[in-house]
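Let's walk through this model together, one piece at a time. Keep the structure open beside you as you read.

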Amino acid sequence: MRFTSTPRGARLARRLVAHRLAAWGYPYDSGPNATATLIASELAANAVRHAPGRDFHVRLTAPLGGDTAGTIRIEVSDARAERRPGPTATDAAPDAETGRGLYLVSRLAERWAVGPRRGGGPGKTVWAEIAAEIAAEIAAETKPSDRSGPLQRPQG
């Protein structure tokens, strides 16, 4: 799906990922949904920040039915091929106000990289993959101890 390169576009992209995964059998408060939504949020925010005024695209693939044996893949494409994140993108200081997004992606995803856009279009695609099973384990470790509510996600 295509989104405008605005904070609202990034917010809508995040919501689309959460809704689509829920429809595919990964409930909103499940680990795979929470982890993939956070990664999508960070990648979309980067597309907005580094490719202003240009639409970005989100592509999501996942095994149907909440199958935790598969891989969830999030792709965010924008039209700025010259603005590619490199290895230093994951070296942000803990107290930095910006630059921690790809650090989070690198810690949550099994793999992530930057490549050409699908179909040879202008720009780049930043993608990340998570194993649904591992995402479920991560969320179980980080949920509040009372387990009374859904996993809290950052707002914004």
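The paragraphs below go from the sheet to the helices and then to one residue.

This is a predicted model, in which local features need pLDDT of at least 70 and side-chain atom pairs count only at pLDDT 80 or more, while totals for chains, interfaces and linings use all residues. Residues are numbered from 1 along each chain as its sequence is written, and side-chain values use heavy atoms, with hydrogens and water left out.

Let's begin with the sheet. Five strands form an open sheet in the order E1-E2-E3-E5-E4, with antiparallel pairing. Helices (H or I, at least four residues) and strands (E, at least two) are DSSP runs, numbered from the N terminus, and two strands pair if DSSP finds at least two bridges between them. E1 (2-3) and E4 (111-116) are the edge strands, each with a single partner strand, so one side of each has no neighbour in the sheet. E1 pairs with E2 (residues 56-61) over two bridges, and Phe3 has Phe56 in E2 as its bridge partner. E4 is joined to E5 by six bridges, and Arg111 has Glu129 in E5 as its bridge partner.

Now have a look at E5 itself. Eight of its eight residues are buried, where buried means under 20% relative accessible area, exposed over 50%, and partly exposed in between (1.4 Å probe, protein chains only). Lys124, Val126, Ala128 and Ile130 point one way from E5, whereas Thr125, Trp127, Glu129 and Ala131 point the other way. In a regular strand, side chains alternate between the two faces of the sheet.

Next come the helices. H1 lies across E1, E2 and E3 (71-78), at about 15 degrees to E2. H2 also packs on the sheet, touching E2, E3 and E5 (124-131); contact means heavy atoms within 4.5 Å. H1 (residues 7-23) and H2 (residues 31-50) pack at about 155 degrees, with their axes 9 Å apart. Axes are lines fitted to C-alpha atoms, for helices over the stretch in contact, and angles run from 0 to 180 degrees between N-to-C directions.

Finally, find Ala47, in helix H2. At 2% relative accessibility, Ala47 is buried. Leaving aside neighbours within four places in sequence, Ala47 contacts Ser5, Pro52, Phe56, Val76 and Asp78. The C-alpha atoms of Ala47 and Thr125 are 9.6 Å apart, although 78 residues separate them along the chain.
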